[in-house]
Amino acid sequence: MRWHLWVLPLALSAQPVEFNRDVRPILSDRCYTCHGPDTNQRKANFRLDRDPGPEALKKAVERIVTTSPAKRMPPQYLGHAPLKDTEVALIKQWVEGGGQYQQHWSLIAPRKVSVPAGANAIDYFVRQRLTRENLAPSPRASREALMRRVALDLTGLPPSLDDLASDISYPAYVDSLLASPRYAERMAIRWLEAARYADTNGYQSDGERSMWRWRDWVLNAFATNMPYDRFTVEQLAGDLLPNATRDQKIATGFHRNHRTTAEGGIVDEEFRVEYVADRSETTAAVWLGLTVGCARCHDHKYDPISQKEYYQLFSFFNQVPEKGFVFNFGNEEPYIKAPLPDQEKRLSELDAKLEVARKRWDGLQSKIRKASAKFTPPVGWLSMDDFVLRFAGAKFDGKEFIDGGLNKTPLNFQDPFTFMATIKPEEPNGAILSKSEDYWEGTGHGLYLVDGKVRLHVVFRWTDLGLRLETEKPLPPGEHQIIATYDGKRKPGGFHIYVDGVDQPLKILFNELSWPIDSKEPFRIGAGGGKRFKGEIRDVAIWKRELTPAEWTNRSYYAWLDVAAPPEIAQARREFQAAQRERDKYFATIQTVMVMQDSPTWRKTYLLRRGAYDAPGDEVQPIVPAALPPMPAGAPRNRLGLARWLVSREHPLTARVTVNRFWQTLFGAGLVKTVEDLGSQGEWPVYQDLLDWLAVEFMDTGWDVKRLLKTMVLSETYQQTSKASAELTQRDPENRLLARGPRLRLAPEMIRDQALAASGLLVEKFGGPSVKPPQPPGLWQELAGGSGYKADEGEGRYRRSLYTYWRRTIQPPSMITFDSPTRESCVVRETRTNTPLQALNLMNDEAYVEAALRLAARMSATADPVATGFRLVLAREPQAKERELLLAAQKRFGNWNQVASIILNLDEAVTKP
Amino acid sequence: MTQAHNLSRRLFLGASAAGLAGRSALAEMADLPHHKPTAKRIIYLFQSGGPSQLESFDYKPKLKDVFKQDLPESVRQGQRLTTMSASQSSFPMVPSKFSFAQHGKSGAWVSELFPHTAKIVDELTFIKSMHTDQINHDPAVTFFQTGFQIAGRPSIGAWIAYGLGSENQNLPGFIVLISPGQGGSGQPLYDRLWGAGFLPSKYQGVKFRSIGDPVLYLKDPEGITRDDRRAYLDTLGALNQVQYEQNGDPETQARIAQYEMAFRMQASVPELTDISKEPESTFKLYGEDARKPGTFAANCLLARRLAERGVRFIQLFHRDWDHHGGLPKGMPARAKETDQAGAALVADLKQRGLLDDTLVVWGGEFGRTVYCQGRLTEDDYGRDHHPRCFTIWMAGGGMKPGTTFGSTDDFSYNITENPVDVHDLHATLLHTLGVDHTKLTYKFQGRHFRLTDVHGKVVKAVLA
């Protein structure tokens with residue numbers, strides 16, 4: 001860590017050497033790989049992560065400082081560089097001072113150092129340190145700079161002209177920002193990155209999923225300032241709460257946001273394990289601030305997390321009834337319907353309408369039954385609802401067959417069907433009917449006899465995609481009626497085979513019906529799959545719906561209704577059916593969201609040797625790592641217990657990790673810069689007293705996020721000007737000591753949102769499905785083929801970037817160019833780069849060109865266009881020199897368009913002031 | 001690292017004095033190169049989908065005698081199958097439908113599908129004993145490109161850009177070129193294959209496109225001339241300078257430099273992609289396809305032009321080599337799209353004296369099985385993914401020309417000699433650039449990561 005260059009000499013002179021702050025980072029980085037917590041890698045059975053005793057420590061120092069290349073540690077013969085002089089000096093000083101070990105700082109519960117009454121704790125701690133460092137805080141930033149800074153920080157959008165012109169006080173302005181729905185949109189996007197939220201699955205063909213109802217949940221949670229402990233519990237385990245509400249279940253979508261695969265040929269369990277690992281590691285990064293992923297294959301090399309403990313944590317997330325191979329065309333189970341209030345209203349209206357129709361229909365039943373009881377169905381009567389075709393019958397010789405022609409049977413994998421045929425086979429093997437390639441392992445639908453058993457195939461690709469099942473028992477000799485039905489829901493339970501009207505037990509031979517079937521083969525009777533039929537096939541009929549047994553056991557009833565019912569009964573029937581259809585059709589349009597669920601029986605979890613899915617070792621139990629406080633005795637040993645444990649008052653990490661991340665949101669870097677890692681390899685906190693104070697305060701005040709942020713932005717530390725002298729910039733280039741305000745490039749979404757807002761194009765609409773603003777043509781096709789990206793017309797082009805459709809394998813280019821995480825896995829650390837591609841993006845992207853045009857129009861409609869442009873984008877008045885330069889540019893170009901573009905491209909425009 | 005090089009890298013990548021990544025990068029890599037490089041740049045001709053070694057370079061004459069026989073269990077040895085062929089009822093072996101002949105002084109066997117490659121075999125180093133852990137496209141390609149099968153690690157090119165930067169002030173150090181393959185059913189590619197992973201995003205590959213601007217947003221909006229852009233940037237720069245004088249933030253100066261760099265790219269990239277001044281002989285060499293943007297041939301020609309301009313890592317992808325079925329039709333089509341231009345690139349680099357310090361690599365993410373997948377008829381067959389052995393070739397940049405390393409059994413099912421895994425290949429590529437793969441590291445989440453993770457050994461035997 002470069003920081004040492006500046007701070008250590010000061011630390012050396014000012015304070016006694018402390019193990020955690022000064023020594024552990026060196027030992028961890030340079031020694032623990034071989035002399036740390038990992039039992040398998042430990043060399044010479046010597047460890048430095050725990051106190052080895054004074055003699056051993058002295059010896060260790062000797063080995064570090066020796067000039068003998070053969071003896072020197074870390075070993076030269078393994079290519080390791082020696083420790084730096086400053087590092088050696090620190091270690092020596094520490095050993096000479098007694099070599100006191102400390103438990104790693106972040107594993108000790110935080111304590112709150114008392115702060116003088118009335119003082120802002122942040123300023124109190126920062127001032128103390130600055131005094132020690134001989135630094136003075138910077139003056140307060142200008143009103144305009146501060147308004148722009150805090151508006152961007154809390155809402156992601158610049159202040160409005162009205163805000164700027166008002167005389168609102170700073171604290172009141174902060175309150176108004178926190179009360180705005182924009183605040184939720186601003187906070188949600190970082191959470192989406194942590195939650196690896198996206199609109200597609202993320203592997204290979206990268207099919208679409210629908211998780212935006214979870215995103216809405218997050219937006220609402222921030223908008224209503226849901227306490228962070230509840231926010232945690234509902235997202236990790238909302239489904240396990242007593243009487244869980246639909247919203248609490250939707251919240252658990254958090255851990256279904258990870259990537260999933262639908263690549264043909266994958267090993268299901270390998271990827272299922274990957275998903276569970278992703279949940280475990282994401283949980284650790286977001287709540288524990290620990291990199292537990294290191295312990296997936298071996299004991300952690302730096303932190304006290306054994307491989308066994310990794311799988312103990314893993315076991316909590318290993319209970320979902322899920323598959324590794326997922327559905328490529330929508331959500332994978334488990335999922336729930338997640339209607340919005342207006343959808344719910346519409347649905348209940350339709351339910352009510354259906355209920356009325358059903359009641360009327362039910363009331364007619366005794367009359368219908370009486371009238372139809374003695375009714376003899378006309379010869380050859382069949383239900384005409386969704387009827388496809390019929391065929392009277394023929395005798396087959398085992399060679400010839402009937403070609404039913406193309407396109408008579410529109411069958412796909414989600415189309416329900418009923419196949420009916422009466423057969424009198426002369427051989428135990430043969431094809432009854434099919435719409436399939438004419439060889440056995442081909443693609444398509446087929447009803448066969450295999451060793452006397454009735455076999456049904458719905459196959460896309462024989463080897464891995466499709467469904468095959470057969471009756472357990474062979475047919476007895478003679479003539480039989482076979483009826484095969486399917487409900488269109490892709491699961492084996494939705495298939496039935498009836499022999500002479502009796503539902504047969506089925507054996508599932510292959511179960512992976514998850515890919516569309518586009519068979520270009522004709523419909524054949526007596527042939528298919530390379531097989532023929534010998535014997536008689538008659539009374540063949542096909543429907544594109546699932547017939548129910550009543551329809552053939554009670555033919556009189558249905559035939560009477562079809563052909564003999566009086567008009568009022570026919571009318572009631574039509575109305576009932578129509579109401580049912582309307583309701584079902586509407587219900588099908590209501591979006592779902594994937595959620596967490598635990599199987600009724602606990603899935604045993606094993607340590608996986610080398611992390612391999614197929615190398616199970618010892619069984620493990622759901623237990624939290626021993627270096628952290630245990631779960632309370634009575635707590636449930638499941639996700640709910642785990643979630644509650646994370647936000648328990650005794651937990652040393654969650655509150656610290658959380659306030660540190662929010663600090664990063666405002667100041668650009670956490671008080672511990674490595675926001676995902678507060679472990680041994682993480683950065684030593686610049687202000688541990690402050691971090692701990694904030695953490696305890698956060699818990700004491702009910703995990704109140706808005707309150708926490710308010711404390712931060714009302715501090716004088718936050719309100720300092722970001723202008724820095726050359727001396728201060730050099731002394732503290734990353735501003736870790738906080739002797740000035742944060743000056744940082746805006747987050748990717750803010751850059752675009754600001755341009756939309758300043759130009760007046762922004763369409764503000766809270767929540768809802770993702771939108772597709774324009775992107776350069778061909779981006780999807782060149783990588784993945786297909787029909788490509790179709791940009792929205794209308795408001796979808798101008799919504800906040802939070803709502804932009806996120807395809808994981810081909811991400812929105814302007815977000816990625818400005819350092820957005822890819823959403824492939826959890827990322828909580830913010831990064832910022834400065835590249836020529838960003839310049840090209842801002843100058844030439846259609847979206848920014850359009851924004852500049854509109855901004856120019858707004859500017860030129862006012863008396864002082866330059867000032868208007870500056871106020872809208874930079875929230876300040878132009879200086880004389882700036883005005884002069886822009887007026888000259890206006891003259892040069894003859895319009896305001898380029899001037900507006902220049903303003904949007906200013907370093908200041910893309911930077912928090 | 002020379003001063004000039006250092007400067008150019010910093011200019012392009014924008015590692016300003018205060019930039020976090022810039023400083024850690026410099027800190028972790030102060031000693032580069034670790035040894036004398038034999039290559040200054042790499043052109044990687046990635047054949048996505050997994051081209052069959054059996055129809056290209058791994059000649060197995062004895063297969064003729066076992067046509068349609070089941071693969072002996074003694075050969076298969078319980079090998080993990082993709083679940084695609086796991087439910088297949090039999091594993092009938094099928095020989096290459098295409099004939100092989102020996103070529104050049106080295107006598108390398110090449111199938112009739114690659115007549116142009118056959119002419120340059122004496123420049124090539126074949127590795128017949130490549131193998132990988134991964135049997136499905138997504139994890140296998142991700143493994144090849146990033147050294148790890150799960151997304152999140154930096155790609156090879158990003159590591160190299162991070163380690164060595166660009167030699168050209170006006171172009172990125174890592175450029176990606178994609179051609180789809182005309183079969184129309186190629187495996188998709190993913191941004192992560194040239195992504196920066198946990199490295200700062202400026203190290204990610206810049207994709208040169210054949211549709212629209214070659215680099216995203218390169219072209220000025222309608223009606224803006226170069227003079228206009230210059231005047232625009234002069235005003236922008238002056239305004240930024242006014243602010244810099246007040247805020248003292250070095251990032252502001254870095255931004256001014258990045259806009260200037262963008263301006264230069266707007267000239268250098270079109271100049272680079274403009275092949276109208278290439279002589280007729282170029283198109284004779286690379287084939288007429290080289291005139292059509294977005295073809296593999298056009299990309300090979302661009303690769304040469306990029307190499308001439310000192311771009312460090314040039315990554316081509318050609319899609320659609322995934323021949324589970326219909327291989328006798330698909331494979332010749334892909335070969336026709338790639339053979340001439342790939343060979344032309346090597347020959348062209350050689351005649352320009354660039355092959356000495358340019359390493360060219362050809363290969364896919366895995367090989368294909370000796371047994372047929374799907375329907376086997378007299379004239380049609382397919383092959384499943386095969387991770388246990390496949391062939392790649394390399395040329396120039398310090399490779400031993402006209403040699404073959406490693407071998408496989410009579411079924412091209414198992415390696416019999418000198419296995420080379422993906423980490424070994426990565427270690428070897430870095431080695432040619434003067435980089436010790438164990439020393440090019442980046443600290444992330446508390447760990448010093450490297451391209452080869454904890455694996456990889458340089459394949460010394462293929463080095464000249």
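**Exercise 1. Where in chain A does Pro334(A) lie?**

Step 1. Some ground rules: this is a predicted model, where local features need pLDDT of at least 70, side-chain atom pairs count only at pLDDT 80 or more, and totals for chains, interfaces and linings use all residues. Residues are numbered from 1 along each chain as its sequence is written, while chains are lettered from A and ligands numbered from 1 in the order in which they are written.

Step 2. Look between helix 15 (307–316) and strand 1 (335–337) of chain A: Pro334(A) sits in that loop. Helices (H or I, at least four residues) and strands (E, at least two) are DSSP runs, numbered from the N terminus.

Step 3. Now check the bond between Glu333(A) and Pro334(A): it's cis, with omega about -5 degrees. As background, most peptide bonds are trans, and most residues other than glycine have a negative phi.

**Exercise 2. Decide whether Ala44(A) and Gln204(A) are buried or exposed.**

Step 1. Get the cut-offs: a residue is buried if 20 or more other C-beta atoms lie within 10 Å of its own, exposed if 12 or fewer, and partly exposed in between, with C-beta atoms placed from the backbone.

Step 2. Ala44(A), in the loop between helix 3 (32–35) and helix 4 of chain A, has 7 other C-beta atoms within 10 Å, so it's exposed. Its phi is positive, near 55 degrees.

**Exercise 3. Work out how helix 30 (836–844) of chain A packs against helix 9 (250–273) of chain B.**

Step 1. Take the angle, about 75 degrees, and the distance between the axes, 8 Å. Axes are lines fitted to C-alpha atoms, for helices over the stretch in contact, and angles run from 0 to 180 degrees between N-to-C directions.

Step 2. Angles under 35 degrees count as roughly parallel, over 145 as roughly antiparallel, 65 to 115 as roughly perpendicular and the rest as oblique. The two helices are therefore roughly perpendicular.

Step 3. Find who touches: the residues include Leu840(A) from helix 30 of chain A and Met261(B) from helix 9 of chain B. Being in contact means that C-beta atoms, placed from the backbone, lie within 7 Å.

**Exercise 4. How many residues of chain B are in contact with chain A?**

Step 1. The count is 73 residues of chain B, against 76 of chain A.

Step 2. Helix 8 (226–247) of chain B gives the most to that side of chain B, with 12 residues.

Methods. Two residues are in contact if their C-beta atoms, placed from the backbone, lie within 7 Å.
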